[in-house]
Structures are given as C-alpha cells and as structure tokens.
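Here is a friendly walk through one protein chain, written to be read with the model open beside you. Shall we begin with what a contact is, and then see where the helices meet?

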Amino acid sequence: MELLNIFIKSIFIDNMVFAFFFGMCSYIAVSKSVKTALGLGAAVTFVMVMTVPLNYLLYQYVLKAGALSWAGFADVDLSFLSFIVFIASIAAFVQLVEMIVEKYSPSLYSQLGIFLPLIAVNCAIMGGSLFMQQKVDGGELSSFAETVVYGLGSGLGWWLAIVMMAAIREKTTYSHIPAALKGPGIAFIITGLMGIAFMIFSGIQFDTQKQTKEVAEKVEVVEEAPAEEAPAAADTFNENL
C-alpha cells in the first residue's frame with residue numbers, strides 16, 4: 001500500500017510540472033504535437049526510472065555522512081558531491097537514450113532535435129534525484145523499491161503533463177487566439193490553469209497509518225497530562241485536529 005501511495009502522490013500531488021514547474025523548457029518547446037510529446041515523455045520517464053534509484057544507491061552507500069562505514073571510513077561525508085554525481089549519472093543515461101532513439105527511431109530523433117540531449121540538464125530529472133535525497137533524509141523514502149516507484153511516478157507525471165499539453169495545443173491550432181497570445185503565451189496560460197486544476201489532488205491524504213499514529217500519540221499526551229494541565233492539553237489537541 002505504501003508503494004501505491006508514493007506512486008499516486010508523485011504523479012498527481014507532487015507533479016514535476018504542475019506542482020514545481022520543473023522541466024518547462026522542453027515542456028513548452030516539444031508539446032506542439034502528441035507524437036513528439038509521447039516520445040520525449042517516454043525518454044524522460046526511462047531516464048528518471050534509471051537514475052533516481054541509482055542515485056539513491058550512490059547517496060546511501062557512498063555520499064551521505066557515514067555511508068562509507070563499510071569501507072572503514074565512518075567519518076567521511078561526501079554529500080557535498082551529490083549534485084555533480086547526480087548530474088554525471090543522468091548524463092550517462094541520457095547518452096544511452098539518445099543512441100537508442102537515433103538508431104531505432106530516426107524520425108523521432110530529428111523531431112526532438114536538441115531537446116533530446118538537453119534531457120541531461122532537464123531540471124525535472126535532476127529535481128527527482130534531489131527530492132529523493134531530501135525524502136530519504138526526511139524518512140519518507142527508506143528502501144530501494146520506494147525510490148524506483150518514486151522515479152517511475154515522477155516520470156509518468158511529467159509524461160502526463162506534456163502529453164495533455166500537446167493534445168490541447170493541437171486543438172488550439174484551429175481556435176481563434178489573439179495574435180499576442182499565440183505560441184508560448186497561450187501555452188503558459190494553459191499550464192497555469194492545469195496547475196490550478198491539479199491542486200485539487202493536494203487535499204488527498206494517503207498516509208492514514210501515520211495520521212492514526214499521530215492522533216493516538218496526542219490522545220495519550222492528553223490522558224497522561226496532570227489534572228491542572230489537562231484542559232490546556234485538550235485545547236492544543238483540538239486545535240491540531
């Protein structure tokens with residue numbers, strides 16, 4: 001159930017485009033047709049699925065403070081190298097994707113153009129690894145499987161966003177749009193409206209076990225409070241609820 005929660009949350013609640021507006025360069029530039037959007041979305045998803053778990057292993061067993069205890073260097077902290085190490089792993093997988101697309105789909109390769117190698121500096125992919133690092137330190141992600149699911153969900157969220165945008169922009173080709181808003185102008189307006197629409201998912205609460213545990217702890221605090229402090233503790237408990 002926890003893996004499903006992470007998967008759904010990374011797609012809809014923590015969507016890289018609509019929640020954080022990451023990867024906007026290629027998102028706006030390539031979302032002119034559904035076909036190219038599907039291709040780029042698949043490439044981004046593949047790279048994110050590969051790199052987020054890989055960067056998790058690098059961070060967990062090499063970079064974070066005390067990670068090298070298995071090698072006898074318990075006091076070494078290489079977390080300051082996280083940024084450059086994450087970029088290096090992402091660039092390696094992007095190069096692999098570029099070679100595969102060029103070999104098996106030359107038409108898609110030519111349509112994507114410069115935006116395919118630019119996946120290496122796509123802040124949505126880098127954001128996935130950095131958010132993973134933050135969530136690991138915060139205890140939200142604690143296993144390799146969870147990072148795989150988080151990478152997959154984040155990639156599919158970006159894929160969903162760019163395909164939806166491409167579908168809408170194809171329809172707007174036949175619409176009467178003021179000249180000043182044609183192109184990126186209307187695209188940014190649509191993105192803002194879609195971001196507002198996705199805010200409805202932010203009210204969904206998945207971590208019910210954690211919430212139940214927190215409520216039980218608050219009830220226990222109220223019950224154990226001295227008689228003179230009980231009313232104040234109860235008021236605090238009600239306010240938190």
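In what follows, two residues are in contact when they have heavy atoms within 4.5 Å. With that in hand, look at where helix α4 meets helix α6: on the α4 side the contact residues are Ser82, Phe83, Phe86, Ile87 and Ile90, and on the α6 side they are Ile125, Met126, Ser129, Leu130, Met132 and Gln133. Sorted by class, this contact of α4 with α6 has 8 nonpolar residues, 3 polar ones and no charged ones. Please keep in mind throughout that this is a predicted model.

**The chain as a whole**

The chain has 10 helices and 0 strands. Its pattern along the sequence reads α-α-α-α-α-α-α-α-α-α. Of its 241 residues, 38% count as buried. Among contacts with a separation of 6 or more, 74% are between residues 24 or more positions apart.

Two packed helices are described by the angle between their axes and the distance between the axes.

| Helix pair | Residues | Angle | Axis distance |
|---|---|---|---|
| α4 and α6 | 82-104 and 123-138 | about 135° | 10 Å |
| α6 and α7 | α7: 144-172 | roughly 145° | within 10 Å |

How are α4 and α6 oriented to each other? An angle over 145 degrees would count as roughly antiparallel, and 65 to 115 as roughly perpendicular, with the rest oblique once angles under 35 degrees are set aside as roughly parallel. The angle here is about 135°, and therefore α4 and α6 are oblique to each other. Their crossing is right-handed.

Now follow α6 to its meeting with α7. The crossing of α6 and α7 is right-handed. From α6, the contact draws on Ala124, Gly128, Phe131, Met132 and Lys135, while α7 brings Thr147, Tyr150 and Trp158. By class, the contact of α6 with α7 has 5 nonpolar, 2 polar and 1 charged residues.

Side chains of opposite charge can pair when their charged atoms come close. How many salt bridges does the structure hold? There are 2.

One of them pairs Asp14 with Lys135, with the closest N and O atoms 3.8 Å apart. Asp14 sits in the loop between α1 (2-13) and α2 (24-30) and Lys135 in helix α6, so to speak a link between distant parts of the chain, 121 residues apart. Glu140 also forms a salt bridge with Lys135, and there the closest N and O atoms are 3.3 Å apart. Through shared partners, Asp14, Lys135 and Glu140 are joined into one network.

Is Lys135 buried or exposed? The limit for buried is under 20% relative accessible area, and Lys135 is buried because its value is 13%. Asp14 is buried as well as Lys135. Glu140, at 44% relative accessibility, counts as partly exposed.

Ser154 lies in helix α7. With a relative accessible area of 1%, Ser154 is buried. Setting aside neighbours within four places in sequence, Ser154 is in contact with Ser10, Met16 and Met48.

Met16 is also touched by Phe21, as is Thr191, not counting residues up to four places away in sequence. Phe21 is found in the loop between α1 and α2. Its phi is near 55°, a positive value in a residue other than glycine. At 41% relative accessibility, Phe21 counts as partly exposed. Which distance separates Phe21 and Cys123 in space? From C-alpha to C-alpha they are 9.3 Å apart, while in sequence they are 102 residues apart.

Ala71 is in the loop between α3 (34-63) and α4. Ala71 has a relative accessible area of 36% and is partly exposed. Ala71 and Tyr61 are 10 residues apart in sequence, and their C-alpha atoms are 9.9 Å apart in space.

Note on methods: Residues numbered from 1 in each chain as written. Predicted model: local features only at pLDDT ≥ 70, side-chain atom pairs only at ≥ 80, totals over all residues. Heavy atoms only, no water. Axes fitted to C-alpha atoms, helices over the stretch in contact; angles between N-to-C directions. Helix = DSSP H or I, 4+ residues; strand = E, 2+ residues; numbered from the N terminus. Left-handed = near helix turned anticlockwise from the far one by under 90°. Nonpolar A, V, L, I, M, F, W, Y, C, P; charged D, E, K, R; others polar. Salt bridge = Lys/Arg side-chain N within 4 Å of Asp/Glu carboxyl O. Buried < 20%, exposed > 50% of the residue type's maximum accessible area, 1.4 Å probe, protein only.
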